[in-house]
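Biologist: Could you take a close look at the aromatic rings for me, and walk me through how they sit together?

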Amino acid sequence: MKDYKKLLLNNKAWAADRLSMDETYFERLAKDQKPEFLWIGCADSRVPAEEITNTQPGDVFVHRNVANMVVHTDMNLLSVLQYGVEVLKVKHIIVCGHYNCGGVKAAMGNDDFGLINKWLRNIKEVYAKHEVELGGIESESQRFNRLVELNVHEQVKNLAKTTIIQHAWQNGEYPHLHGWVFDLHTGLIKEVLNIDSPDQIDPIFRYKI
C-alpha cells in the first residue's frame, strides 16, 4: 500500500471514532470556528500544535512557517493575524518555537542554502542583536538553545509592533501575546515571554491610534 493511502485510511478510522463517541460531532464542527488561540509555530513536522497542547479541532487557529517567524513583510502571516484578531477575536496569540530547530541552526552558520537564505536572514539579525550574550555562551548546544528562545522573544515583540495588535489593544480588547518553546526531549513547553500592552514595547514602535 502506498504511504499516502494510509493517511486516507487513517482519516476514515478517525472520523468513525469521532462519530462513535458523538453522533453530532461533525455537525457542530461544520457550523463555525471560535478559537481562543492563534498559534504561530514552526513548520517542523514534530511540533503539531493540537497534539502537543492536547486540544481539539476548532480550538486553535494555526499558522506555521520555518522557525516560527513574524516578519513584517509576510502578507501570509499578516493576513492570518488580522483575521484571527479582527474576525475570530482570539484572546491569545502564541509564538511557539522548539529546541533543535533546523531553521535556527542553519542561521547560526555561514552555509549558502539558496532561496531560504532570505528567510534565515531574519534569524541572523536576531543573532546579531544578541551577539554579546550568545558569544559569551561557550557550549554550542546551549548557545543554540538560547538563540531558539531569543528568536521566539523577538517574534513576539514583532507581533506587538503591528498596527493589528495595537488597534486591538487600543479598543480595550485582547489578545495577550505569549512566547513558548517546546522541548522535543521532554515533550514540555517553556514560557519565555508574555506581553499584553504596548507599554512593554519600545516607544518608537507605538503608533498613534
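**Rings up close**

Modeller: Let's start with Phe-61, which counts as buried because its relative accessibility is 17% (buried is under 20% relative accessible area, exposed is over 50%, and partly exposed is in between, using a 1.4 Å probe and protein chains only). Keep in mind that this is a predicted model, so local features need pLDDT of at least 70 and side-chain atom pairs count only at pLDDT 80 or more, while totals for chains, interfaces and linings use all residues. Residues are numbered from 1 along each chain as its sequence is written, and side-chain values use heavy atoms, leaving out hydrogens and water.

Searching the whole structure turns up 4 aromatic pairs (rings of Phe, Tyr and Trp, the last by its six-membered ring, with centres within 6.5 Å; planes under 30 degrees apart are stacked, over 60 edge-to-face, the rest tilted). One of them is Trp-14 with Phe-26: the centres are 5.5 Å apart and the planes at 75°, so this pair is edge-to-face. Trp-14 is partly exposed at 33%, and Phe-26 is partly exposed at 26%.

Back to Phe-61: its ring centre is 5.8 Å from that of Tyr-83 and the planes are at 45°, so that pair is tilted. Phe-61 is in strand S2 (residues 60-65) and Tyr-83 in helix H4 (residues 75-87), so the pair ties together parts 22 residues apart in sequence. Tyr-83 is partly exposed, at 37%.

Conventions
Helix = DSSP H or I, 4+ residues; strand = E, 2+ residues; numbered from the N terminus.
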